Amino acid sequence: MTFHKPTLIIKRMIAAKEGSFVYDESFHSGLNIIRGQNGSGKTTITQLIAFGLGREVAALKPEILLCDYVYLELSINNSPYTLRRELESTARRPLDIFEGSSEQALTADISSWKRFPFNGTSDRESFSQVLFEIMGMPQTKGASSKLTMNQLLRVCYAEQSNPASAIFTLEQFDSALTREATFSLLTGLYNDDLYADQIKRDELDKQLQKTSDQLTAIYKVLAQSGFTHLTQKSFDDALAELADKEKSISDEISKILDNSYEVQESSGNDPQISKKYRDLEPIRDDLVAAYERRNDLTLSIEDSELFISDLENRLAALEDAKNAKTALDHFSFEYCPACLSPVSKKPENHHACSLCKTEIDEKRVSNNYLRMTNEIKFQVIESKKILSRNKDKADHYKQDIRRLESQLYEAESEIRLYKKHFFSNSDDHLKRCFEELGFIRESINSLRKQEDLFKVVETLRLEKTRLESELSDVKGRVEREKSLLERRHSDVNAIIYSSLEQLLNADLDREEEFRSVESLEFSPAHNTVYVNGRNSFAESSLVYLNTAFHLALLKSSCEADFMRFPRFLLLDGIENGGMESGRSRHLQLLIAKLSEEMEVEHQIIITTANIDMDLEKEQFTVGRFYTRDDKSLRFKKATDSEGQK
């Protein structure tokens, strides 16, 4: 049987209570029918399956909450995985994942299981992200957050309690954007490049707005300070002029002191100078320590950058190795590359080396690639967090160094003046000179701060220009990619609507519009299907239309390998809306025929109280026929009184 990615098949489901299994049944590819009387626990099984896959079921059945865990053995893209989820009424429960069969999982050490939360964080993936990665599905977004398994199951799982006209299961805080994103992902209309460019476009928009706001704020500060049309040359000229004034005043002070006081040969022994020297030493010590901290941190940052670069190269090399293996899998040797002798006949086993005939365990190789990739990605995330913290520290040390250097320069300048001239009192002229010298130095410091601000403005100007150019390029790509996607959208709709029309035409003669379909339209935004412009039919016909649309999605995904619908469908309540038993059995036969005709591996799970006797066969059914006296979950006598609904 042909295989498309992604494909999700349930192999086994277990409901456990206090270490005992109250439900344990195997499932198979193709059609799986869960049958039993109304109220015998069929919906209980579908809720357990959906919950185990990550669905947030609005109201779990009371008997489900009597259990402790649900286990699901899955085949995801032909690789075995076992999921375990604790059964509690609290929302957003985590999910445990084991790489292997349920038999291995049930006897494995707890450390072999990996627990993932419902919502991911910066350093921890959610279980939806992990399952998406295992299935080979891209990480895309809905209205405000990444799409989850919960959103996918709103389409793959048709709940009994859902209104018959709604294709997506209704849920609180739903949005048309999320439904459209989910539908685009499942039908293959989601484009990785387009999504990446749309995300980049939004990020660039935010960065450009932030940069513009920063420039506006700085312009206001400069305008209030009287500095508007400044250039680097104007700062250089102003600083040079102040430096000349500073030298002139310093020379004037020296001249006054030469004429007014005797220069003492041992002025360095003056108590005031000695004190200034003592004050100078802590500044020097702090500056040396700051230099050492900065240099040590610089080396650490360089090591981290080299380590991250090496990890990213290993990721790329791992991907290259995976691609190379995929390419070589299809390469057949006619002659031995060592001795050039003809190679014997091709191996009978498809999963064997065409040269040495050694059997290859594809699942193990694929799992090893995935495990190594996840480990390296985790190391990259952790290393980048450490690198970011170290860079923040380095910036702090640079500020400390700049401050200490300024303090050291000013202290040394004062000492030089005191060492050249020692005096006890100064006249009015000398006092004014010192005041003017202080004012000039303050002006120099102020101008240097303004120069720093000017450099920030220049940097922001260049950044704004770069962002505007890059944003223009990205917007152009988005428009081109959207145009290409629109053409593919028409092709996808044609495939889905063709399958849907066939199913509607095959219905019993109960709805005239189904027999003479002139137009079909599905609207994720409005969450409904229109037949000949109508979405209002008898309740039983709406149930049939809903079921037919889900089946059309599945059938289309088996015909179009680019679709990302996981070739899995869980239909509960195909007999809702008062559907007559004859129409229900006819629909069951249509589903069975549809499943048998599809040559691509898939799984359909349905529930019914009126199974057609032609389908009462082991190849179609799961478990026994449930009754109100012998329900799907078999609890011990101590809990039987609590019953099932």
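Helix 12 (residues 539-559) lies across strand 8, strand 11 and strand 12, and runs at about 165° to strand 11. Helices (H or I, at least four residues) and strands (E, at least two) are DSSP runs numbered from the N terminus. Angles run from 0 to 180 degrees between N-to-C directions, with axes fitted as lines to C-alpha atoms, for helices over the stretch in contact. The model is predicted: local features need pLDDT of at least 70 and side-chain atom pairs count only at pLDDT 80 or more, while totals for chains, interfaces and linings use all residues. Residues are numbered from 1 along each chain as its sequence is written, and side-chain values use heavy atoms, with hydrogens and water left out.

An open sheet of four strands has the order 3-12-11-8, with parallel pairing; two strands pair if DSSP finds at least two bridges between them. Strand 3 (30-35) and strand 8 (157-158) are the edge strands, each pairing on one side only. Strand 11 (residues 568-571) and strand 12 (residues 603-608) run parallel and are joined by four bridges, and Phe568 has Gln603 of strand 12 as its bridge partner.

Six of the six residues of strand 3 are buried, so the strand is largely enclosed by the rest of the structure. Buried means under 20% relative accessible area, exposed over 50%, and partly exposed in between (1.4 Å probe, protein chains only).

Ile34 lies in strand 3 and is buried, with a relative accessible area of 0%. Leaving aside residues up to four places away in sequence, Ile34 touches Phe27, Lys42, Ile45, Ile605, Ile606, Thr607, Thr608, Val622 and Tyr626, where contact means heavy atoms within 4.5 Å.

Six strands make up an open sheet in the order 2-1-4-5-6-7, with antiparallel pairing. Strand 2 (20-26) and strand 7 (114-116) stand at its edges with a single partner strand each, so one side of each has no neighbour in the sheet. From one strand to the next, the twist averages 25°.

Strand 1 (residues 8-17) pairs with strand 2 in the antiparallel sense over six bridges, and Ser26 in strand 2 is the bridge partner of Arg12. Helix 3 (residues 127-135) packs on this sheet, touching strand 1, strand 4 (69-76), strand 5 (79-86), strand 6 (95-98) and strand 7; the direction of helix 3 makes about 30° with that of strand 6.

## Helix 13

The 17 residues of helix 13 (residues 581-597) should span 24 Å at 1.5 Å a residue, and the end C-alpha atoms are 24 Å apart, which agrees. The expected span is 1.5 Å times one less than the number of residues.

Buried residues of helix 13 include Arg583, Ser584, Leu587, Gln588 and Leu590. Among the elements that cover the buried residues of helix 13 are strand 3, helix 11 (512-515), helix 12 and strand 12.

## Nonpolar cores

The largest nonpolar core has 105 residues, of which Ile10, Ile49, Leu53 and Leu504 touch the most other members. Helix 12 contributes the largest share of this core, 11 residues. A nonpolar core is a set of buried Ala, Val, Leu, Ile, Met, Phe, Trp, Tyr and Cys residues joined through side-chain atoms within 4.5 Å.

Apart from residues up to four places away in sequence, Leu53 touches Leu8, Ile10, Leu72, Leu74, Leu83, Leu131, Met149, Leu153 and Phe568. A second, separate core of 11 residues includes Phe235, Leu437, Ile440 and Phe454.

## Backbone features

A cis peptide bond, with omega about 0°, joins Lys5 and Pro6; Pro6 is in the segment before strand 1.

Asn527, in the loop between strand 9 (520-523) and strand 10 (528-531), has a phi near 60°, a positive value in a residue other than glycine. Asn527 is buried, with a relative accessible area of 6%. Asn532, in the loop between strand 10 and helix 12, has a positive phi near 55°.

## The chain overall

The protein chain has 14 helices and 12 strands, and buried residues make up 44% of its 645 residues. Of the contacts with a separation of 6 or more, 70% are between residues 24 or more positions apart.
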